[in-house]
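Open the model in your viewer and keep the selection tool ready. We will go stop by stop.

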Amino acid sequence: MMINIDEIKPDTPVVCSQDGQFAVVEQVEEQGNIMLKPDENGQHHYIPLSWVVSTEGGKVKVDRPGDQAMQEWSTVSPNYIVD
């Protein structure tokens, strides 16, 4: 299935492999990551575009259960480089 990155827009719900929503898109980064809106503690999280299996129906669907996705997401942009 082809993924249309142009359909991944701010405020798009992010759902897990069981269709439960666990996040909302803030923006797609040029490095191939999705920045998610801050959680209740104000923390952004990042997931790689490689997790996305579908952008149909106005949702971004990822290839893993929500619990696993939330364990594996990053709290810093994976391409952030510290000098």
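Start with Phe-22 and Trp-73: both are buried, that is, under 20% relative accessible area with a 1.4 Å probe and protein chains only, where over 50% is exposed and in between is partly exposed.

Before moving on, note that this is a predicted model, in which local features need pLDDT of at least 70, side-chain atom pairs count only at pLDDT 80 or more, and totals for chains, interfaces and linings use all residues. Residues are numbered from 1 along each chain as its sequence is written, and side-chain values use heavy atoms, with hydrogens and water left out.

**Stop 1: the rings**

Keep the two residues selected. How many aromatic pairs are there? The count comes to one. Rings of Phe, Tyr and Trp (its six-membered ring) pair if their centres lie within 6.5 Å; planes under 30 degrees apart are stacked, over 60 edge-to-face, and the rest tilted. Phe-22 and Trp-73 make a tilted pair, with 6.1 Å centre to centre and 45 degrees between the planes. Phe-22 lies in strand β2 and Trp-73 in the segment after α1 (66-72), so the pair links distant parts of the chain, 51 residues apart. Helices (H or I, at least four residues) and strands (E, at least two) are DSSP runs, numbered from the N terminus.

**Stop 2**

Select residues 13-15, strand β1, and 21-29, strand β2. They run antiparallel, joined by three bridges; two strands pair if DSSP finds at least two bridges between them. Find Val-14, opposite Ala-23 in β2. Five residues lie between β1 and β2 in this hairpin, and Asp-19 in the turn has a positive phi of about 75 degrees.

Glu-29 stands opposite Asn-33 in β3. This hairpin has three residues between its strands, and Gly-32 takes a positive phi near 95 degrees.

**Stop 3**

The open sheet has six strands in the order β4-β3-β2-β1-β6-β5, with mixed pairing. Which strands stand at the edges? They are β4 (45-48) and β5 (52-54); each has a single partner strand, so one side of each is left without a neighbour in the sheet.

Zoom in on β5 and β6 (residues 60-62), an antiparallel pair with two bridges. Val-52 has Val-62 in β6 as its bridge partner.

**Last stop: a charge over a ring**

Select Arg-64 and Trp-51. The charged end of Arg-64 sits over the ring of Trp-51, 4.0 Å from its centre. The rule asks for NZ of Lys or CZ of Arg within 6 Å of the ring centre and within 35 degrees of the ring normal.
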